[in-house]
Amino acid sequence: MKKKRIVVTGLGVVSCFGNDVDTFYSQLLAGKSGATAITGFPCEDFPTRISASIKDFDPGEYLDKKQARRVDPYIAYTMVAGKKALEHAKIDAQALEKLNKERCGVIIGSGMGGMRIFTEGVQTLLEKGNRRVSPFFVPFILSNMGGALLGMDIGFMGPNYSISTACATGNNSIIAAADQIHLGHTDLMICGGVEAPIIPMGLAGFCACKALSQRNDAPEKASRPWDKNRDGFLMGEGAGVIVLESLEHALARGATILAEYLGGGISCDASHMTEPRADGKGVALCINNALANAGVSAEDVDYINAHATSTPVGDVAEINALHKVFAKPQDIVMNATKSMIGHGLGAAGGLEAVVTVMAIKSGMVHPTINLEDPEPNIGFRIPTKAEPHQVKVAISNSFGFGGHNATVVFAPFKG
C-alpha cells in the first residue's frame with residue numbers, strides 16, 4: 001500500500017523567548033541565550049542556580065483564567081502551544097467547525113507531567129493532612145491531561161494519548177501521530193512535547209544526578225554543546241507542537257504547507273539507565289531506521305538538528321553514532337538548539353522539530369553558541385553564526401534516559 005504523504009501546516013511554542021514562533025526563531029538566529037539566574041524560588045544552596053526558565057507566562061485568551069490558576073504549568077503550556085499551532089495552521093473557530101473532528105487527534109507527551117502539582121500535593125498532605133489534598137491532584141499530575149484538556153477544548157475526538165520517553169518524548173509523539181495518519185485513522189494530528197520541570201524538586205533531582213552545568217556566574221555560557229569545557233546541561237522548559245496533516249487534507253482546505261514529514265525511527269540502547277552507549281550503536285540504529293522509513297539515504301541529508309545536550313558523555317556518543325551513519329560529515333550542517341534554550345527534556349523534541357521546520361521554511365540555520373574549543377574530529381559543519389542554508393533533507397534527534405532514541409525526518413514540500 002502506498003504510504004500517505006504527510007505535511008506540516010502549523011507550529012506552536014511556549015519558550016523562554018515567548019510564545020510566538022517567528023520571534024522564537026529570530027532569537028535563535030541572533031544567537032541569543034535564554035539562560036538566566038533562577039528567580040522563581042529560593043535556590044541559594046543548590047549547586048546549580050541557573051536555567052532557561054519561562055518568565056511572566058501569560059496564557060492570554062488561549063486558556064480560561066480560573067483554569068490557568070488551577071492547572072499545572074505543563075498543562076497550560078500544552079494548551080497555549082497547541083492552540084497557537086492551530087492558529088498558525090490558519091484553523092480559526094470557523095475553520096475548526098469545518099473539520100471532521102472524529103478524524104482529528106492529539107498526541108502531546110510529557111516526560112514528567114504535573115511535577116509542581118505533585119510536589120505541592122505531597123507538601124499539603126504532610127503539613128495539613130489528607131483532607132486538604134486538592135480533588136484536582138490526580139488529574140493534574142497525569143502526563144496525558146494536557147493533551148486531553150486540549151482535545152476537550154477544541155472537540156477533537158480522534159486518537160488522544162500521551163507518550164513518556166524522557167527526553168525522546170517529543171519525537172516519539174510526532175512519530176506516533178504520523179503513524180495515525182499513515183494508518184488512515186486520522187486526517188490531522190496536533191503533536192509534540194511539553195515540560196515544566198523548573199521547580200525545587202526538579203532542580204534538586206538533576207543536581208543529585210550531577211547532570212547540570214554549575215556555571216552560575218555566567219548563565220549564558222553554561223550550555224556549550226561539543227565544547228571541551230562543557231560541564232553539564234542547562235535545564236529548559238516549555239512546549240513545542242506541530243500540526244501534521246495528510247497531504248490530501250491539507251490541499252483540500254487550502255492550507256499553507258511549511259514542510260513535509262518524511263518519516264521517523266526509534267530504537268533503544270538497552271545499555272544504561274542514564275548514560276548513552278559510548279559506541280553510538282543504538283542511536284545509529286535509530287537514525288538508519290528513520291532514513292529507511294522516510295525513503296531517503298544518508299547521502300540525501302544535509303542538515304542535522306542534534307540532540308547535543310552539553311553533557312561530557314552524551315555529546316561524544318551522538319557524534320560517534322552520526323559517524324556510523326554519515327560518510328561525508330563535512331557536507332552536512334549541524335547545530336545545537338539547546339546551546340540557547342537549554343534542555344527542555346520532554347519538550348525538547350517538539351521544540352527542535354519546530355526549529356527544523358523553521359530552518360526549512362526560512363532558508364536560514366541558527367548558530368551553536370559557546371563553541372569556543374571544539375572536541376576534535378567532530379567532522380560536521382557547525383555554524384557559529386546564522387547562515388543561509390537551503391535544506392534538502394533534515395533530521396532531528398532526541399534521546400532520553402532509559403536509552404530511548406527517536407529521530408524525525410523533514411524536507412521541503414514539493415508538490
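I began with a helix pair: α8 and α14 are roughly perpendicular to each other, a label used for angles of 65 to 115 degrees, with under 35 degrees counting as roughly parallel, over 145 as roughly antiparallel and the rest as oblique. Helices here are DSSP runs of H or I with at least four residues, strands are runs of E with at least two, and both are numbered from the N terminus.

The model is predicted, so I note that local features need pLDDT of at least 70 and side-chain atom pairs count only at pLDDT 80 or more, while totals for chains, interfaces and linings use all residues. Residues are numbered from 1 along each chain as its sequence is written, and side-chain values use heavy atoms, with hydrogens and water left out.

**Entry 1: α8 against α14**

I looked up the geometry of the pair. Helix α8 (residues 169-182) packs against α14 at an angle of about 70°, and their axes are 5 Å apart. The axes are lines fitted to C-alpha atoms, for helices over the stretch in contact, and the angles run from 0 to 180 degrees between N-to-C directions.

Which residues make the contact? From α8 I listed Gly170, Asn171 and Ile174, and from α14 Gly349, Gly350 and Ala353. Contact means heavy atoms within 4.5 Å. I sorted these residues into two nonpolar, four polar and no charged. In that scheme Ala, Val, Leu, Ile, Met, Phe, Trp, Tyr, Cys and Pro are nonpolar, Asp, Glu, Lys and Arg are charged, and the others, Gly among them, are polar.

**Entry 2: the two helices one at a time**

I checked the length of α8: 14 residues, reaching 20 Å from the first C-alpha to the last, close to the 20 Å expected at 1.5 Å a residue. The expected span is 1.5 Å times one less than the number of residues. In α8, 13 of the 14 residues are buried, so this helix is largely enclosed by the rest of the structure. Buried means under 20% relative accessible area, exposed means over 50%, and partly exposed lies in between (1.4 Å probe, protein chains only). Glycine 184 follows α8 and has a positive phi, near 85°.

I did the same for helix α14 (residues 348-362). Its 15 residues should span 21 Å at 1.5 Å a residue, and its end C-alpha atoms are 21 Å apart, which agrees. Of those 15 residues, 13 are buried, so α14 is largely enclosed by the rest of the structure. Glycine 363 comes after α14, again with a positive phi, near 75°.

**Entry 3: alanine 353**

I picked alanine 353 in helix α14. Is alanine 353 buried or exposed? Alanine 353 is buried, at a relative accessible area of 0%. Not counting residues up to four places away in sequence, alanine 353 touches Ile174, Ile242, Ser396 and Phe410. I also took a distance: alanine 353 and arginine 103 are 23 Å apart in space, C-alpha to C-alpha, and 250 residues apart in sequence.

**Entry 4: α3 against α7**

I moved to helix α3 (residues 73-88) and helix α7 (residues 145-154), whose axes come within 8 Å and cross at roughly 45°. The two helices are therefore oblique to each other. From α3, Tyr74, Ile75, Thr78, Met79, Gly82, Lys83 and Leu86 meet Met145, Gly146, Gly147, Leu149, Leu150, Asp153 and Ile154 of α7. The residues of this contact divide into eight nonpolar, four polar and two charged.

Within α7 I looked at leucine 150. Leucine 150 is buried, with a relative accessible area of 0%. Leaving aside neighbours within four places in sequence, leucine 150 is in contact with Thr78, Met79, Gly82, Lys83, Val106, Ile108 and Ile190.

**Entry 5: loop residues**

Most residues other than glycine have a negative phi.

Aspartate 56 sits in the loop between β3 (50-51) and α2 (65-70). At 76% relative accessibility, aspartate 56 counts as exposed. Serine 310 is in the loop between β8 and α12, and serine 310 is buried, with a relative accessible area of 0%.

Threonine 311 is in the loop between β8 (303-305) and α12 (312-325). Threonine 311 counts as buried at 17% relative accessibility. Leaving aside neighbours within four places in sequence, I found threonine 311 in contact with Ala211, Arg230, Gly232 and Phe233.
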